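The sequence and structure come next.

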Amino acid sequence: LYFGSMRPVPFKRIISVSSEDEAFPAKNLLFPATGKKWLCAAYLRTRKAEIEFELCKKARIAELEIGNAGSAFVGIEVGCTDTEGKCTNFVTLLPQSTLMSVPDSRAGKNKSRTARFMNEKLSSVAAFQKWNR
(Lines give C-alpha, C1' and ligand atoms only; values in the text may rest on other atoms or scores of the structure.)
Protein backbone atom coordinates (compact mmCIF):
# COMPACT_ATOMS: atom_id res chain seq x y z
CA LEU A 1 0.00 0.00 0.00
CA TYR A 2 1.25 3.46 -0.84
CA PHE A 3 0.21 6.91 0.37
CA GLY A 4 -0.81 9.53 -2.16
CA SER A 5 2.82 10.73 -2.02
CA MET A 6 3.97 7.18 -2.91
CA ARG A 7 5.46 6.41 0.49
CA PRO A 8 4.68 2.92 1.80
CA VAL A 9 1.83 2.70 4.31
CA PRO A 10 3.02 0.69 7.33
CA PHE A 11 0.71 -1.85 8.94
CA LYS A 12 0.15 -1.35 12.67
CA ARG A 13 -1.32 -4.76 13.46
CA ILE A 14 -3.34 -7.66 12.16
CA ILE A 15 -6.97 -7.60 13.29
CA SER A 16 -8.00 -11.00 11.93
CA VAL A 17 -6.89 -13.73 9.55
CA SER A 18 -8.93 -16.59 8.11
CA SER A 19 -6.09 -19.12 8.04
CA GLU A 20 -2.32 -19.28 8.38
CA ASP A 21 0.42 -21.85 8.07
CA GLU A 22 2.58 -22.26 11.18
CA ALA A 23 5.74 -21.76 9.11
CA PHE A 24 4.32 -18.75 7.24
CA PRO A 25 2.11 -16.82 9.69
CA ALA A 26 0.25 -13.64 8.77
CA LYS A 27 2.50 -11.58 11.06
CA ASN A 28 5.23 -11.94 8.41
CA LEU A 29 3.38 -9.26 6.43
CA LEU A 30 3.98 -6.74 9.21
CA PHE A 31 7.69 -6.83 8.37
CA PRO A 32 7.97 -6.61 4.55
CA ALA A 33 11.73 -6.06 4.60
CA THR A 34 12.19 -9.69 5.70
CA GLY A 35 10.68 -10.97 2.45
CA LYS A 36 8.74 -13.62 4.37
CA LYS A 37 5.25 -14.46 3.16
CA TRP A 38 1.87 -15.42 4.58
CA LEU A 39 0.33 -18.73 3.53
CA CYS A 40 -2.92 -20.41 4.51
CA ALA A 41 -2.76 -23.67 6.41
CA ALA A 42 -2.01 -26.33 3.77
CA TYR A 43 -4.50 -28.84 5.16
CA LEU A 44 -7.47 -26.48 4.62
CA ARG A 45 -7.15 -26.22 0.83
CA THR A 46 -9.31 -23.09 1.02
CA ARG A 47 -10.52 -21.19 -2.03
CA LYS A 48 -10.64 -17.87 -0.17
CA ALA A 49 -8.31 -16.29 2.36
CA GLU A 50 -8.91 -13.06 4.22
CA ILE A 51 -6.78 -10.81 6.35
CA GLU A 52 -7.67 -7.52 8.03
CA PHE A 53 -4.96 -5.00 8.89
CA GLU A 54 -4.96 -1.78 10.82
CA LEU A 55 -2.74 0.90 9.28
CA CYS A 56 -0.58 3.15 11.47
CA LYS A 57 -2.71 6.15 10.48
CA LYS A 58 -5.51 7.10 8.13
CA ALA A 59 -4.18 7.43 4.60
CA ARG A 60 -5.33 7.85 1.02
CA ILE A 61 -4.16 4.77 -0.87
CA ALA A 62 -2.87 5.71 -4.32
CA GLU A 63 -1.28 2.42 -5.36
CA LEU A 64 -1.15 -1.24 -4.33
CA GLU A 65 1.80 -3.57 -4.74
CA ILE A 66 0.91 -7.16 -3.94
CA GLY A 67 3.36 -10.02 -3.74
CA ASN A 68 1.61 -13.23 -4.72
CA ALA A 69 2.15 -16.63 -3.11
CA GLY A 70 0.01 -18.84 -5.31
CA SER A 71 -3.30 -16.97 -5.44
CA ALA A 72 -5.19 -16.65 -8.71
CA PHE A 73 -7.20 -13.56 -7.72
CA VAL A 74 -7.12 -10.70 -5.23
CA GLY A 75 -9.68 -8.14 -4.10
CA ILE A 76 -9.10 -5.34 -1.59
CA GLU A 77 -11.68 -3.72 0.66
CA VAL A 78 -10.95 -0.74 2.91
CA GLY A 79 -12.65 0.69 5.96
CA CYS A 80 -12.28 3.27 8.67
CA THR A 81 -12.70 2.90 12.41
CA ASP A 82 -15.26 4.91 14.32
CA THR A 83 -14.70 6.65 17.66
CA GLU A 84 -15.11 3.30 19.45
CA GLY A 85 -12.45 1.65 17.30
CA LYS A 86 -14.97 -0.46 15.36
CA CYS A 87 -15.05 -0.83 11.59
CA THR A 88 -18.26 -2.20 10.14
CA ASN A 89 -18.60 -0.70 6.66
CA PHE A 90 -16.02 -1.82 4.11
CA VAL A 91 -15.79 -0.41 0.59
CA THR A 92 -14.14 -2.02 -2.44
CA LEU A 93 -10.83 -0.36 -3.28
CA LEU A 94 -9.64 -2.97 -5.79
CA PRO A 95 -12.31 -5.14 -7.43
CA GLN A 96 -11.40 -8.80 -7.87
CA SER A 97 -8.33 -8.81 -10.09
CA THR A 98 -6.30 -11.59 -11.68
CA LEU A 99 -2.87 -12.46 -10.29
CA MET A 100 -2.43 -15.68 -12.29
CA SER A 101 -3.95 -16.80 -15.59
CA VAL A 102 -6.00 -20.02 -15.64
CA PRO A 103 -3.26 -21.95 -17.50
CA ASP A 104 -0.58 -20.68 -15.09
CA SER A 105 -2.73 -21.56 -12.10
CA ARG A 106 -3.34 -25.10 -13.36
CA ALA A 107 0.35 -25.57 -14.20
CA GLY A 108 1.57 -23.95 -10.97
CA LYS A 109 3.55 -21.30 -12.93
CA ASN A 110 4.21 -17.68 -11.94
CA LYS A 111 3.04 -18.34 -8.38
CA SER A 112 5.22 -15.67 -6.81
CA ARG A 113 5.07 -12.63 -9.07
CA THR A 114 4.37 -9.12 -7.81
CA ALA A 115 1.39 -7.19 -9.14
CA ARG A 116 1.13 -3.42 -9.07
CA PHE A 117 -2.24 -1.69 -9.25
CA MET A 118 -2.06 2.02 -10.00
CA ASN A 119 -4.69 4.62 -9.13
CA GLU A 120 -6.65 4.08 -12.37
CA LYS A 121 -7.33 0.43 -11.36
CA LEU A 122 -8.68 1.46 -7.95
CA SER A 123 -12.28 2.39 -7.21
CA SER A 124 -12.70 6.12 -7.77
CA VAL A 125 -15.06 6.28 -4.77
CA ALA A 126 -12.52 4.74 -2.38
CA ALA A 127 -9.27 6.03 -3.88
CA PHE A 128 -9.78 9.64 -2.84
CA GLN A 129 -10.68 9.02 0.80
CA LYS A 130 -8.51 8.15 3.80
CA TRP A 131 -8.64 4.70 5.37
CA ASN A 132 -7.02 2.91 8.30
CA ARG A 133 -8.26 -0.65 7.67
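How many aromatic pairs does a search of the whole structure find?

## Aromatic pair

The search finds 1 aromatic pair, where rings of Phe, Tyr and Trp (its six-membered ring) pair if their centres lie within 6.5 Å. F11 and F53 form this pair, which is stacked, at 3.8 Å centre to centre and 10° between the planes; planes under 30 degrees apart count as stacked, over 60 as edge-to-face and the rest as tilted. The pair links distant parts of the chain, with F11 in strand β2 (residues 11-17) and F53 in strand β3 (residues 51-55), 42 residues apart. Strands are DSSP runs (E, at least two residues), numbered from the N terminus.

F53 is buried, because its relative accessible area is 14%, whereas F11 counts as partly exposed at 23%. Buried means under 20% relative accessible area, exposed over 50%, and partly exposed in between (1.4 Å probe, protein chains only).

## Basis of the values

This is a predicted model, in which local features need pLDDT of at least 70 and side-chain atom pairs count only at pLDDT 80 or more, while totals for chains, interfaces and linings use all residues. Residues are numbered from 1 along each chain as its sequence is written, and side-chain values use heavy atoms, with hydrogens and water left out.

## Charge over a ring

K37 lies over the face of F24, at 5.7 Å from the ring centre. The rule asks for NZ of Lys or CZ of Arg within 6 Å of the ring centre and within 35 degrees of the ring normal.

## Cysteines

The count of disulfides (pairs of cysteine sulfur atoms within 2.5 Å) is 0. C40 is partly exposed at 22% relative accessibility, and C80 is partly exposed at 25%.

Technical notes:
Helix = DSSP H or I, 4+ residues; strand = E, 2+ residues; numbered from the N terminus.
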